[in-house]
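Biologist: I would like to go through this model term by term. For each label, please give the cut-off and then the value.

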Amino acid sequence: QQISWTPLLVVGYLFYLLLGAMVFQLLEKQAETHFRDQFQLEKLKFLQNYTCLDKQALEQFVQVLLEAWEKGVNPEGNSTNPSNWDFSNSFFFAGTVVTTIGYGNLSPSTVAGQIFCVFYALFGVPLNLAFLNQLGKGLNAHLITLERWVQKPGRAQVQLAIFLTTGTLLFLVFPPLVFSYVEGWSYGEGFYFTFITLSTIGFGDYVVGTNPNKHYIPVYRSLTAIWIVFGLAWLALVFNVGADLMEKFLQIKWHKPDFSLAEGTATKLEDEPEQPRIHIPS
């Protein structure tokens, strides 16, 4: 007899959200208050140094800066900054649309561009999911090949360890080194950007190729978009493995054995060959 673990999962999910809300509030609220007070102090200092301006004029200028940022124009630098809509940047933006990352630092400003973006995403998101699904199947087939090579007890655990280690190095450990060198970020900031991107969370606080004071090679963002696609497939497979293991844990944890069938079940298990305990979903 099996007990439904759905209510437990719902309660655990809500508890996880509440826990996250409390921790984020504890860590970030005080810092936000400090930055807000510091910003107001800087505005007062600016008005004191430039007496030809009044508070209303300054607020209007700040509004202009905010609108420029919302339109994807970096207020730093000058009009010679590279365009956000050259081919390389447009290719990168198209990738963030179909992968649903949506950094938020750049978006279409024309009505035609917005309408096209809607229909582009309407067909592009399913196409991207189908592509990632096929890519995941390819990775899964590779894992099956590894399992055939490893003819030892616990081979499922070995192939999973190889898969996790290789993917972690290629998609989470080495890329932050590149981003740190090119963007001038710390390794921690690069790692944060890497995970936030590949998990499709995409806050937009860190985006590659947006510093007006740096000169990037033309294909830099295009290569980053390709890395994102393959990294998405790997991390999605990792998330699927984690979800599969969590579901199996809950099913085992809340399963009541039927003792009337215990003897027959034991006999059946003895007759069946040992199966890998960890299943890699496609």
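Biologist: How many aromatic pairs does the structure hold?

Modeller: The structure holds 15 aromatic pairs. Rings of Phe, Tyr and Trp (its six-membered ring) pair if their centres lie within 6.5 Å; planes under 30 degrees apart are stacked, over 60 edge-to-face, and the rest tilted. This is a predicted model, in which local features need pLDDT of at least 70 and side-chain atom pairs count only at pLDDT 80 or more, while totals for chains, interfaces and linings use all residues. Residues are numbered from 1 along each chain as its sequence is written, and side-chain values use heavy atoms, with hydrogens and water left out.

Biologist: Why is the pair of phenylalanine 179 and tryptophan 185 called tilted?

Modeller: The ring centres of phenylalanine 179 and tryptophan 185 are 6.4 Å apart and the planes stand at 50 degrees, so the pair is tilted.

Biologist: What makes phenylalanine 179 and tryptophan 185 buried or exposed?

Modeller: Buried means under 20% relative accessible area, exposed over 50%, and partly exposed in between (1.4 Å probe, protein chains only). Phenylalanine 179 has a relative accessible area of 5%, so it is buried. Tryptophan 185, at 15%, therefore also counts as buried.

Biologist: What kind of pair do phenylalanine 195 and phenylalanine 239 form?

Modeller: Phenylalanine 195 and phenylalanine 239 form an edge-to-face pair, with 6.5 Å centre to centre and 85 degrees between the planes. This pair links distant parts of the chain: phenylalanine 195 is in helix 6 (residues 187-198), phenylalanine 239 is in helix 7, and they are 44 residues apart. Helices (H or I, at least four residues) and strands (E, at least two) are DSSP runs, numbered from the N terminus.

Biologist: Why are phenylalanine 195 and phenylalanine 239 called partly exposed?

Modeller: Phenylalanine 195 has a relative accessible area of 32%, so it is partly exposed. Phenylalanine 239 has 42%, so the label is again partly exposed.

Biologist: Which residues do ring pairs link into a cluster?

Modeller: The cluster consists of Phe92, Tyr103, Phe179, Trp185, Tyr192, Phe193, Tyr206 and Trp227.

Biologist: How many helices and strands has the chain?

Modeller: The chain has 8 helices and 0 strands. Of its 282 residues, 27% are buried.

Biologist: How do you know that helix 6 reaches close to the expected span?

Modeller: The expected span is 1.5 Å times one less than the number of residues. Helix 6 has 12 residues and reaches 16 Å from first C-alpha to last, close to the expected 16 Å. Buried in helix 6 are Gly190, Phe193, Thr194, Ile196, Thr197 and Leu198.

Biologist: What about helix 3?

Modeller: Helix 3 also has 12 residues. From first C-alpha to last, helix 3 reaches 17 Å, close to the 16 Å expected. The buried residues of helix 3 are Ser88, Asn89, Phe92, Phe93, Thr96, Val97 and Val98.

Biologist: Which residue just after helix 3 takes a positive phi?

Modeller: Threonine 100 does, at about 60 degrees. Threonine 100 is in the loop between helix 3 and helix 4, and with a relative accessible area of 45% it is partly exposed.

Biologist: What residues line the second largest pocket?

Modeller: The lining comprises Phe91, Ala94, Gly95, Val98, Tyr120, Gly124, Leu127, Asn128, Phe131, Ala225, Ile226 and Val229. A pocket, on a 1 Å grid over the protein atoms alone, is an open set of points where a 1.4 Å probe fits, with protein on both sides within 12 Å along at least five of seven lines; lining residues have an atom within 4 Å of a point. Helix 4 gives the most to this lining, with 5 residues.

Biologist: How many residues of that lining are nonpolar, polar or charged?

Modeller: The lining has 9 nonpolar, 3 polar and no charged residues. Ala, Val, Leu, Ile, Met, Phe, Trp, Tyr, Cys and Pro count as nonpolar, Asp, Glu, Lys and Arg as charged, and the others, Gly among them, as polar.
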